[in-house]
Amino acid sequence: MTKKILYCATVDYHFKAFHLPYMKWFKEQGWDVDVAAAGNINLPYTDNQYNIPIERSPFSKSNIEAYKQLKKVMSQNNYSIIHCHTPLGGVLARIAAKQTRKQGTKVIYTAHGFHFCKGAPLINWFIYYPIEKFLSRYTDSLITINQEDYNIATKHRFKAERTEQIHGVGVDTVRYKPINENKRAELKKSFGYHADDFLLFYAAEFNKNKNQQFLLRSLALLEEKIPNAKLLLAGEGALLENCQELANSLGISHMVDFLGFRKDIDQILPMCDIAVASSYREGLPVNVMEAMSCGLPVVAVDNRGHRELVQNNKTGWLLAKFEPQVFANKIIALSNAVDMKHQLGQNGRNAIIAKYSTNKVLAEKEIIYRSYMQEEGEPVWAAR
């Protein structure tokens with residue numbers, strides 16, 4: 001009988017963005033791959049997709065129906081492994097899997113950044129911490145993607161059978177790669193910029209956590225020192241209009257491009273000069289890893305995810321506080337030091353290849369997966 005794995009998350013785009021290489025790997029092992037999440041986009045490497053009405057809010061009544069549907073899907077299929085992701089996807093899937101776990105199904109949960117962490121609002125600790133700790137007892141493998149989350153889970157004695165740490169979801173270092181100066185100039189012109197424009201890049205949903213307002217206030221301090229600076233903001237979200245209004249009020253609309261949702265980030269990133277990051281909370285940010293893979297130095301504000309990646313004076317700068325002038329000064333320094341900018345970017349590229357590439361993360365995840373697959377087999381990386 002063909003063995004099956006069920007991937008579960010809040011929305012199906014999560015899998016398209018982060019998990020296709022691992023779903024492909026399971027297909028190569030001869031497994032069936034099912035997906036349960038809200039949405040109906042066409043996912044490759046998938047045998048069955050279940051559109052489950054999971055909502056991000058833990059208080060949404062829709063999640064009661066989502067739980068019932070998940071439980072039905074799990075009871076009707078003989079899954080050997082259930083791998084759940086995202087806070088609500090992880091909560092509902094682990095509750096729904098209680099019975100099938102008693103029958104031998106292994107439940108894996110990847111925490112893509114606990115909502116409770118150093119500096120998080122107190123209410124996050126009141127709501128999410130007890131939920132995660134309680135549900136850890138219904139988890140065979142709890143996977144964390146940064147050191148702080150791993151330390152919390154072990155120090156606070158989360159009751160998962162095993163607690164692991166891996167290096168994120170992986171970055172395609174072939175797709176995201178540096179380009180030479182001539183190609184950068186050509187790309188800038190093809191996107192409507194001047195060859196000497198100094199491009200800053202940030203891709204994130206427009207919400208309170210991502211804090212694009214801070215970047216806009218920092219940008220306003222660059223106009224005199226770097227008149228050719230432009231901030232490229234990719235993404236959509238509830239606060240997009242608010243940020244557009246702030247750019248207008250600061251008089252920097254001509255220095256900001258709101259790019260919307262993009263599928264060509266791998267083309268935009270390499271032509272940029274610096275990656276910037278302003279969020280309050282991160283697990284292990286893919287946007288920063290992709291930028292580093294493209295050879296961009298990073299200027300970011302300190303949080304647990306950023307500090308896993310950005311090393312001061314080696315791959316960029318990590319700033320302790322949300323101080324626009326200090327942030328702007330670091331950007332000005334990089335604009336005046338081409339050799340340093342290049343070296344920081346190269347160091348970042350090397351760091352991504354060494355630890356965070358898709359192949360590296362696949363090797364880490366395969367060790368975990370194979371321990372639950374009940375079969376012998378040569379690791380895929382041994383043949384590479």
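I take buried to mean under 20% relative accessible area, with exposed over 50% and partly exposed in between, computed with a 1.4 Å probe on protein chains only. The buried residues of α12 are Val286, Asn287, Val288, Met289, Glu290, Ala291, Met292 and Ser293. Just after α12, I found that Gly295 takes a positive phi of about 85°.

I note that this is a predicted model, in which local features need pLDDT of at least 70 and side-chain atom pairs count only at pLDDT 80 or more, while totals for chains, interfaces and linings use all residues. Residues are numbered from 1 along each chain as its sequence is written, and side-chain values use heavy atoms, with hydrogens and water left out. Helices (H or I, at least four residues) and strands (E, at least two) are DSSP runs, numbered from the N terminus.

Next I looked up the open sheet of six strands, which has parallel pairing and the order β10-β9-β8-β11-β12-β13. β10 (256-260) and β13 (316-319) stand at the edges with a single partner strand each, so one side of each is left without a neighbour in the sheet. From one strand to the next the twist averages 20°, where axes are lines fitted to C-alpha atoms (for helices over the stretch in contact) and angles run from 0 to 180 degrees between N-to-C directions. Two strands pair if DSSP finds at least two bridges between them; strand β9 (residues 229-234) is joined to β10 by four bridges, and the two run parallel. One detail I wrote down is that Leu233 has Phe258 in β10 as its bridge partner.

I then turned to the cavities, a cavity being a set of points on a 1 Å grid over the protein atoms alone where a 1.4 Å probe fits but cannot get out; lining residues have an atom within 4 Å of a point, and a pocket is an open set with protein on both sides within 12 Å along at least five of seven lines. The search of the whole structure finds four cavities of 30 Å³ or more, and about 60 Å³ of space lies in the largest cavity. Its lining includes Thr86, Pro87, Tyr109, His112, Tyr128 and Glu132. β5 (106-111) and α6 (122-135) each supply at least two residues of this lining, and β5 gives the most, with three residues.

Phe116 lies in the loop between β5 and α6, and I find that Phe116 is buried, with a relative accessible area of 0%. Its C-alpha atom is separated by 23 Å from that of Ala96, which is 20 residues apart from Phe116 along the chain.

For the second largest pocket I noted a volume of about 300 Å³. Of the 18 residues that line this pocket, the closest to its centre are Asn78, Tyr79, Ser80, Gly104 and Thr105.

Last, I checked the record: in an unreviewed entry, UniProt lists "domain: Glycosyltransferase subfamily 4-like N-terminal" at residues 4-146. That span is 41% helix and 24% strand, and its end C-alpha atoms lie 28 Å apart. UniProt also places "domain: Glycosyl transferase family" (unreviewed entry) at residues 185-350, a span of 41% helix and 17% strand whose end C-alpha atoms lie 23 Å apart. I keep in mind that such annotations may be inferred rather than shown by experiment.

Methods
Points joined across faces, edges and corners; volume = space filled by probe spheres on them.
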